[in-house]
Amino acid sequence: MLMGPVKTDREKSQQKTHQLLVWSGVVDFALGMGKVLVGIYANSHALIADGIHSFSDLGTDIMVWFFNRIGVEEPDLEHPYGHARFETFGTFILGVMLLGVAGLLIWDSVDRLLDIESVSLPTWPALMAALVSIVTKELLYFITRKQGEKTHSSLLIANAWHHRSDALSSVIVLIGVGGALLGYAWLEMFAAIGIAFMIALIGWRLSRKSVEELVDTALSETYVNQIRKQIESAEGVLGVHHIRTRRMGQSVFLDIHLQVDSAISVSEGHHIGEWVTRLLMDEFHDITDITVHVDAEDDADMEEHEQTNMMAPLRQDVRHQLQESWRHIISNEDINKINLHYLNQGIDVELFIEHSAIENQAGLQDQLNMAAENLPWFNQVTVWFHPG
């Protein structure tokens, strides 16, 4: 029996997200149309405005669906780090929209409050429509927020709060219509202003969080300390510094400097870095990209040193300067191999020489150290003799 390709957990999650957005759009359209029609029938201007608010949610659902589809696309040549920032941008737009809705609600409520005598009284069907809207939108809020937290999608969480803002605006209708039926028409206006400020606070928080992500704000100190603790648990890691963190949509990006033993091989240092990468990704599922810089020492103060333009030279220049300093002590042909260790803002030199090439072996190391001490980058030399 032929079977189709098995969907991954991520693909299943994305499919569920898209289905949720479609259903959310259908509900927003039905609620918007229903509230406008009932508002006209029941003479409720507040319910009509609430219906328009629901239509704005429909536009939001379309935008969320669009940005969510883009945000999960794989990296390409123009976007090597992926498209998650599109989702962040969408969250920012949602936050701004909530601020705009809050501003319109405040303006409309104040305008009605100043001319309260001319406001027509609504009838009871508006109460029923408001109740249906509250229950429906609160249900959508909980479902959408749960899916957003499960997928770590700030955009879905933002849309969930937009659903709640529509539920709160329906609460305004419920209070306003109930107050009007009891003879307190002004109660609707004060309730509307209070809820509008709550919506504005939600919009401000979402917008601020998105801006922080867009400008690469670091993650919390608590989160970074957890990362540091996990790194230091790896065998071969002597220290960690310069931990840089940033969030991109659902993903966390890291840049870390690892300190390892200066005497180990390059490949072993690289392998330790690979182990640290695996440990972090197994422990923190939102970390998706790690850049590891392997250091032979704690170079936290190297940036200040590098600004002085006094970097130690590379191998070819090092060997040439050493030959000039040692030309009266040892010939270049006697040297089998030179190892260079860039430490303490200078170079430690390891010299490998055949045992039979040098007669006076006892004082050779001291002579070489004295001859090269005038070189600004030179730290020390260690001589190793081996059989020819």
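Tutor: Phe378 counts as buried, because its relative accessibility is 9%; the model described here is a predicted one. Trp377 is buried as well, with a relative accessible area of 6%. The whole structure contains four aromatic pairs. One of them joins Trp377 to Phe378 in an edge-to-face arrangement, with 6.3 Å between the centres and 75 degrees between the planes. Elsewhere, ring pairs connect Tyr141, Phe142 and Trp161 into a cluster.

Rings also meet charges. Lys337 lies over the face of Phe352, 4.8 Å from the ring centre, and the charged end of Arg278 sits over the ring of Trp275 at 5.8 Å from its centre.

Glu350 is buried but has no salt bridge. Its nearest side chain of opposite charge is that of Lys337, 7.3 Å away, and a salt bridge needs the nitrogen and the carboxyl oxygen within 4 Å. The side chain of Glu350 does have polar partners: a polar contact of 3.0 Å joins it to the side chain of His341, and another of 3.4 Å joins it to the side chain of Trp384. Beyond its neighbours within four places in sequence, Glu350 is in contact with residues including Lys337, Ile338, Asn339 and Thr382.

Now to charges that do pair. Side chains of opposite charge can pair when their charged atoms come close. The structure has four salt bridges. In one of them, the side chains of Asp28 and Lys137 meet at 2.3 Å, N to O. Asp28 belongs to helix α1 (residues 9–42) and Lys137 to helix α4, so this pair ties together parts that are 109 residues apart in sequence. Asp28 is buried, because its relative accessible area is 0%, and Lys137 counts as buried at 0% relative accessibility.

A second salt bridge joins Arg164 to Glu138, with 2.8 Å between the closest N and O atoms. This pair links distant parts of the chain, since Arg164 is in helix α5 (residues 154–181) and Glu138 is in helix α4, 26 residues apart. Arg164 and Glu138 are both buried.

Glu149 and Arg145 pair with their closest N and O atoms 3.0 Å apart; they lie four residues apart in helix α4, about one turn of the helix. Here the setting is partly exposed, with relative accessibility of 42% for Glu149 and a relative accessible area of 29% for Arg145. Thr151 is also in helix α4, which spans residues 125–151, and counts as buried at 7% relative accessibility.

Ser54 is buried, because its relative accessibility is 0%. Leaving out residues within four places in sequence, Ser54 is in contact with Asp28, Leu31, Gly32, Lys35 and Asp166. Ser54 and Gly32 are 22 residues apart in sequence, yet their C-alpha atoms are 4.7 Å apart.

As background, the protein has 11 helices and six strands. Buried residues account for 43% of its 388 residues. Of the contacts between residues at least 6 apart in sequence, 70% join residues at least 24 apart.

Terms used. Residues numbered from 1 in each chain as written. Predicted model: local features only at pLDDT ≥ 70, side-chain atom pairs only at ≥ 80, totals over all residues. Heavy atoms only, no water. Buried < 20%, exposed > 50% of the residue type's maximum accessible area, 1.4 Å probe, protein only. Lys, Arg positive; Asp, Glu negative; His and termini not counted. Polar contact = N/O pair within 3.5 Å; in protein donor to acceptor, adjacent residues only side chain to side chain. Contact = heavy atoms within 4.5 Å. Phe/Tyr/Trp six-rings, centres within 6.5 Å; stacked < 30°, edge-to-face > 60°. Lys NZ or Arg CZ within 6 Å of the ring centre and 35° of its normal. Helix = DSSP H or I, 4+ residues; strand = E, 2+ residues; numbered from the N terminus.
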